[in-house]
Amino acid sequence: MSHVAYELGTQPECWERAAELATSQRALLPRPGERTAIVGCGTSYYMAQAAAALREEMGQGETDAFPASEFPLHRRYDRVVALTRSGTTTEVLDLLSGLRDTGVRTTAVIGDPATPVMTLADELVVLDFADEQSVVQTRFATTALTLLRAHFGLHTPSVVADARTALTEPLPEQAASRGQFTFLGRGWSVGLAHEAALKMREASLSWSESYPAMEYRHGPISVTGPGTLTWSLGEAPAGLGEQVRATGGQWVAGRLDPLAELVRVHRLAIAVAAHQDLDPDQPRNLTRSVILTAGEEAVR
């Protein structure tokens, strides 16, 4: 069994632990009314997008999400939350360093505390039980989002039950043989759709795209047809499934909690990799953490 296959299978237990941890870490996470930015890189950025949308939906305060490299230093926030599995990603460390002594409170949600981030963030929330050996992120990302969902009062046991279902029910028929994948979301699940597409690219080198669901008719549907799959994470717009099927493409309507649907996509990514004789533990051109040299860092 690959590292990534083992780790994605442990997500329900990790989510339960994160939900329990959220209560004791409440003082370290955004308080209602705080103007908050959530940052990350790659997968963590997409989790930040989902978390920011959820927090605003709950009316807990203005919340933005940014890639760490694109954080607008001219804006004023009460708190910045950095999601970082490794604690070594250059862009995250540079941002936290730049925010020191500015009066902005910083919290890092991390997998490995014995890393440089521990000296740069004001507060740490450690999810070491969800840390991973694999390059491709699965359980850390979804566990960090579960922590924040629980903190916002949006986590229920049914979410974990859906995750267990996602690990056991059959994947959509013939999905692993498709040549192109599109993932759609609405509201907070737009970030999950972006992450689903990233997983397909990383693990299986597949042509994969992602969009807000209502934007799909505004152009992207033009590349849908036989041999493609379009998957909705969460409730889809009325009539969209019928339009996809009319093109000859395969339509998958998400039935589970959107985060649990992402677990199904994790499984699909591994299945597609196996179908193509790829090793998901050795994704092409990727490393577990992006650590840049001085010459590679972007000028801010």
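Tutor: Start with α9, which is mostly covered: 15 of its 18 residues are buried. Keep in mind that this is a predicted model.

Student: How far does α9 reach from its first C-alpha to its last?
Tutor: It reaches 25 Å. That is close to the 26 Å expected at 1.5 Å a residue.

Student: What caps the N-terminal end of α9?
Tutor: Asp257 does. One of its side-chain oxygens lies 3.0 Å from the backbone nitrogen of Leu259.

Student: And what follows the helix?
Tutor: Asp277 follows α9, and its phi is positive, near 60 degrees.

Student: Which residues line the largest cavity?
Tutor: Val4, Leu8, Val136, Thr138, Lys199, Ala203, His266, Ala269 and Ile270.

Student: Which element gives the most?
Tutor: α9 again, with three residues.

Student: How does the lining divide into nonpolar, polar and charged?
Tutor: Six residues are nonpolar, two are polar and one is charged.

Student: Now α3. Is it mostly covered or mostly uncovered?
Tutor: Mostly covered, with eleven of its 15 residues buried. The buried set includes Tyr45, Tyr46, Met47 and Leu54. Arg55 is also on that list.

Student: What covers those buried residues of α3?
Tutor: The cover includes three strands, β1 (36-40), β2 (63-67) and β3 (79-84). It also includes the helices α5 (139-151), α7 and α9.

Student: What is the span of α3?
Tutor: Helix α3 runs over residues 43-57 and reaches 22 Å from its first C-alpha to its last. Gly59 follows α3, with a positive phi near 70 degrees.

Student: Last topic, Ser86. Where does it lie?
Tutor: Ser86 is in the loop between β3 and α4 (90-99).

Student: Why does Ser86 count as buried?
Tutor: Because its relative accessibility is 6%, and buried means under 20%.

Student: What does the Ser86 side chain make a polar contact with?
Tutor: The side chain of Thr88, at 2.9 Å.

Student: And how are Ser86 and Phe140 placed?
Tutor: They are 54 residues apart along the chain, and their C-alpha atoms are separated by 10.0 Å.

How values were computed: Residues numbered from 1 in each chain as written. Predicted model: local features only at pLDDT ≥ 70, side-chain atom pairs only at ≥ 80, totals over all residues. Heavy atoms only, no water. 1 Å grid on protein atoms, 1.4 Å probe; cavity = no way out; pocket = protein on both sides within 12 Å on 5 of 7 lines; lining within 4 Å. Helix = DSSP H or I, 4+ residues; strand = E, 2+ residues; numbered from the N terminus. Nonpolar A, V, L, I, M, F, W, Y, C, P; charged D, E, K, R; others polar. Expected span 1.5 Å × (residues − 1). Buried < 20%, exposed > 50% of the residue type's maximum accessible area, 1.4 Å probe, protein only. Contact = heavy atoms within 4.5 Å. Polar contact = N/O pair within 3.5 Å; in protein donor to acceptor, adjacent residues only side chain to side chain.
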